[in-house]
Amino acid sequence: MTARPLPPSRLSRLRQSDLWWSFTHHRGAMIAAALLFVLIFSAFTAPLYVPQNPFDPAQLDLLNAEYPPIWTEGGQWPYLLGTDTQGRDILSAILYGSRISILIGLASVFFALVVGIGTGLVAGYYGGLIENLLMRFGDILLSIPTILIAILVSAIVRELLPPSLREVGAGGVLVLAIVLSGWVQYARTVRAQTAVERGKEYVQAAQLLRVPARRIMFRHILPNTLTPILVAATLNFGMAILTEATLSFLGIGMPASQPSLGTLIRLGNQFLFSGMWWITVFPVLQLCLLVVAVNILGDWLRDALNPKLR
């Protein structure tokens with residue numbers, strides 16, 4: 001009796017897919033993915049090799065303040081990119097700050113996806129008054145600039161928190177502000193896809209079999225709406241990082257004791273014209289590399305998943 005061949009593993013199916021072929025034949029996507037991996041890996045492994053923890057005041061020494069980068073005159077080892085006015089190592093601050101920016105970006109996209117997908121599925125599946133109420137509320141939010149919503153939410157929530165919790169809860173406030181301004185795009189996309197899928201035969205058959213509506217929405221309709229959502233989430237990850245940096249630069253984001261990239265840029269901007277350019281320039285470069293890498297991957301994914309371009 002001949003043994004049945006083993007089914008291909010997920011990894012082998014991925015390597016045989018059109019998406020993998022598109023990725024391996026797109027030089028820009030491969031470079032962006034490698035760059036993004038290096039940036040994320042270095043940020044989360046920073047405690048293993050950076051000279052100090054920039055969040056620990058006990059490790060800061062004013063005697064080591066205002067050192068320029070090591071390749072310029074006056075540079076000191078081990079401060080490769082120099083130090084700021086508090087003796088904080090710029091490289092350490094950038095890597096620790098990148099970790100905060102990445103975590104806030106990921107959390108913002110995740111919770112925006114949860115809210116947006118849930119709202120879009122309910123609105124598209126039930127329609128009628130429920131759809132009108134949810135989508136009109138989304139339209140109101142879309143009529144206000146995203147950054148303005150984030151500023152208002154961040155400022156209001158920070159004022160409602162006790163002073164002792166403002167710095168501790170700064171990251172959560174930023175995530176909430178970005179989610180409230182970003183879930184509408186996912187909801188509108190899922191609502192449109194769900195309204196189309198709702199009228200197809202497989203959904204009607206499931207309804208005749210009295211399959212619960214929740215199971216129909218999440219097990220049958222949702223998988224058919226994930227392609228545009230995946231592309232939007234990838235691009236919005238970079239936008240979430242930029243929004244966090246903007247809020248922190250304006251002074252309503254992460255505090256100076258736990259600086260993100262936006263906070264570092266704000267602190268360094270005060271000394272930009274006094275000769276200490278490295279305090280601002282290197283965090284800006286890190287932010288640009290991070291966002292550009294994410295956007296290149298998002299553009300490739302959008303083209304790779306577009307059936308009209310195959």
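Predicted model: local features only at pLDDT ≥ 70, side-chain atom pairs only at ≥ 80, totals over all residues.
Q: What does UniProt mark as "transmembrane region" here?
A: The unreviewed UniProt entry places that feature at residues 29-50, 100-125, 137-156, 168-186, 229-256 and 276-301.

Q: Take residues 168-186. How much of that span is helix?
A: It is 89% helix and 0% strand. The end C-alpha atoms of residues 168-186 are 29 Å apart.

Q: And residues 29-50, how much helix there?
A: That span is 73% helix, with 0% strand. Its end C-alpha atoms lie 29 Å apart.

Q: New topic. At what angle do α4 and α5 pack?
A: About 145°. Helix α4 covers residues 90-126 and helix α5 covers residues 128-142. Their axes are 7 Å apart.

Q: Is the crossing left-handed or right-handed?
A: α4 passes α5 in a left-handed crossing.

Q: Which residues meet there?
A: From α4, Thr 119, Val 122, Ala 123 and Tyr 126. From α5, Gly 128, Ile 130, Glu 131, Leu 134 and Met 135. By class, that contact has six nonpolar, two polar and one charged residues.

Q: Staying in α4, is Ser 98 buried or exposed?
A: Ser 98 lies in helix α4. It counts as buried because its relative accessibility is 1%, and the cut-off for buried is under 20%.

Q: What does Ser 98 touch?
A: Leaving aside neighbours within four places in sequence, Ser 98 is in contact with Ala 43, Leu 261 and Gln 286.

Q: On to rings. How many aromatic pairs are there?
A: Nine. One of them is Phe 55 with Tyr 96, an edge-to-face pair. The centres are 5.3 Å apart, with 75° between the planes.

Q: Where do those two sit in the chain?
A: Phe 55 is in the loop between α3 (27-44) and α4, while Tyr 96 is in helix α4. They are 41 residues apart, so the pair links distant parts of the chain. Phe 55 counts as partly exposed at 26% relative accessibility, whereas Tyr 96 is buried at 6%.

Q: Why does the pair of Phe 137 and Trp 183 count as stacked?
A: Their planes are at 20°, so the pair is stacked. The ring centres are 6.1 Å apart.

Q: Which helices hold Phe 137 and Trp 183?
A: Phe 137 lies in helix α5 and Trp 183 in helix α8 (residues 170-198). So the pair ties together parts 46 residues apart in sequence.

Q: Is Trp 183 buried or exposed?
A: Trp 183 counts as buried, at 6% relative accessibility. Phe 137 is partly exposed, at 46%.

Q: Last one: which residues form an aromatic cluster?
A: Trp 71, Trp 277, Trp 278 and Phe 282 form one.

Note on methods. Residues numbered from 1 in each chain as written. Heavy atoms only, no water. Axes fitted to C-alpha atoms, helices over the stretch in contact; angles between N-to-C directions. Helix = DSSP H or I, 4+ residues; strand = E, 2+ residues; numbered from the N terminus. Left-handed = near helix turned anticlockwise from the far one by under 90°. Contact = heavy atoms within 4.5 Å. Nonpolar A, V, L, I, M, F, W, Y, C, P; charged D, E, K, R; others polar. UniProt positions renumbered as here; feature names shortened; annotations may be inferred. Buried < 20%, exposed > 50% of the residue type's maximum accessible area, 1.4 Å probe, protein only. Phe/Tyr/Trp six-rings, centres within 6.5 Å; stacked < 30°, edge-to-face > 60°.
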